[in-house]
Amino acid sequence: MNFFGTDGIRGTYGSTITDGTAFLLGKSLALKGGDNPIVLIGRDTRLSGESLFNALALGVYSGGGTVVNLGVLPTNSVGHFVRKLGGDYGVMISASHNPPGDNGLKVFDKYGVKLCQSKQAVLSDLMNSLMHIVPNGKVYEPVFYDIDNMYCRDICNTVNVDLSGMRIAIDCCYGASFSVAERVFRMCGAEVVAYCNRNNGKDINVGCGATNTSFLEEKLKNSDIELAFAFDGDCDRLAVLEKGKTLDNNTVFIAIARYMKEEGLLRGDSVVGTVMTNGGVEDQLSQYGIGLVRTAVGDINIYNEMTKLSLNVGGEDSGHYLLSDYATSSDALITALLVCKIWRAKGSIEKYGHYTPHPSVKCNITVTDDNRLLATQSLDTIRNRVASLCNCRIVLRKSGTEDVIRAYAEGQQCEKALEMIKATLCN
């Protein structure tokens, strides 16, 4: 059994992911980590987080390791503190933007980087070799002293932006950023209006946050606030609002790349996107002398390509931005502060990152018992046939977090292409 998907282990708590899964992961990390390995653990606010933390910690202890409890903090804080405190591994307990009933386990190595597929496979094999037991016992591991303030100071020092005189609105979606996001912006000098900034795991991502920006748009009606930011459950995904309007994530990506290029900070004059990055982004970047390298979906794939090519900017149209000069994984707070810096230097983000997208459509196609074999074996064949008939760029991929096929078509006949894909996979 392969426990890992696109971004760690994720699923519905109690069925796809259990305390037993967390225990096996903790024990496997401890066994692989050598003599008394240190595993740092953070989590978001989900109700199942404490139970998963307890099971994970018991697993680490049973394998001879030591746990450092980071408490409720954004995902990137785990990678950050693994490096800063000298840990051997880090684990973030979160299902990111998924519903409150889901949860997940994102694993970082000693360099603060999420495990690549080959390392995940090795770890998954070790988990499978261990006895599947239900952990019994309670761990009393206090949260590392002042870790939240330490994180806030480190974030502010990393980006180094003066926000004095700015009014900013934020939506923390009752998630991992609930206690630190407002503090970070205030430490940088901004006046902050904060929403959904309570530890309320039963409502995490529900009708709010980076994937539900209509909530913040409604709050900002008739407001004079220029910039606003919405985070997801673990604060690795960012939505940017300007004058109460949600910006296209690709616009933000272009603005970041263009700013870095103009400031002489963009290494290799190229950035990394994914197969899902709209062709219009590539066209616009080329006008600024910036190349686009594409890779498979997933921030670890982007980061690995950035490392391989010595590049320092990458991003997905989902709102994940990889800025390796600042962090080893996507951190929505770091990105938000950088967007503020760009806004102060260049003006409107919408204008500065403007592009003309190529026509495109996308959808999720549920994998059923009837189409499972076809969906898993023939996606390349379907993609190539439809692409040739419709002269479109087609992306078909099995989701790593849900039992669906993610379909994307780009080109003048994209609607026709998507209908052909649906007809093939749904009939």
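Residues are numbered from 1 along each chain as its sequence is written, and side-chain values use heavy atoms, with hydrogens and water left out. Because the model is predicted, local features need pLDDT of at least 70 and side-chain atom pairs count only at pLDDT 80 or more, while totals for chains, interfaces and linings use all residues.

Start with helix H11, residues 332–346. Helices here are DSSP runs of H or I with at least four residues, strands are runs of E with at least two, and both are numbered from the N terminus. H11 has 15 residues and spans 20 Å from its first C-alpha to its last. That is close to the expected 21 Å, a figure that comes from 1.5 Å times one less than the number of residues. Look at the start of H11. There, a side-chain oxygen of Asp331 comes to within 3.0 Å of the backbone nitrogen of Leu333. Buried means under 20% relative accessible area, exposed means over 50%, and partly exposed lies in between (1.4 Å probe, protein chains only). After H11 comes Gly347, with a positive phi near 90°.

Now find Gly315, in strand S13 (residues 313–315). Gly315 is buried, at 2% relative accessibility. What is Gly315 in contact with, leaving aside its neighbours within four places in sequence? The list is Phe253, Val272, Gly273, Thr274, Thr277, Ile302, His320 and Tyr321. Contact means heavy atoms within 4.5 Å. Gly315 and Ala257 are 58 residues apart in sequence, and their C-alpha atoms are 9.8 Å apart in space.

Step back to the loop between helix H10 (299–309) and S13, where Ser310 sits. Ser310 is not a glycine, yet its phi is positive, at about 60°. Ser310 is partly exposed, at 48% relative accessible area.

Next, a pair of helices. Two packed helices are described by the angle between their axes and the distance between the axes. The axes of H14 (residues 379–390) and H15 (residues 414–426) come within 10 Å and cross at roughly 145°. Axes are lines fitted to C-alpha atoms, for helices over the stretch in contact, and angles run from 0 to 180 degrees between N-to-C directions. Which residues meet here? Leu379, Ile382, Arg385, Val386, Leu389 and Cys390 in H14 meet Lys416, Ala417, Met420, Ile421, Thr424 and Leu425 in H15.

Between H14 and strand S16 (393–398) lies a loop that holds Asn391. Asn391 is not a glycine either, and its phi is positive, about 55°. Asn391 is exposed, at 68%.

Last, the charged pairs. How many salt bridges does a search of the whole structure find? The search finds 28. A salt bridge is a side-chain nitrogen of Lys or Arg within 4 Å of a carboxyl oxygen of Asp or Glu. Glu50 and Arg43 form one, at 4.0 Å from N to O. Glu50 is partly exposed at 49%, whereas Arg43 is buried at 17%. Asp146 pairs with Arg153 at 3.5 Å. Asp146 is partly exposed, at 27%, and Arg153 is partly exposed, at 38%. Lys202 and Asp203 meet at 3.2 Å. Lys202 is exposed at 53%, while Asp203 is partly exposed at 24%. Elsewhere, salt bridges with shared partners join Asp7, Arg10, Lys106, Lys114, Asp234, Asp236 and Asp299 into one network.

Key:
A polar contact is a pair of N or O atoms within 3.5 Å; within protein, one must be able to donate a hydrogen and the other to accept it, and residues adjacent in sequence count only if both atoms are side-chain atoms.
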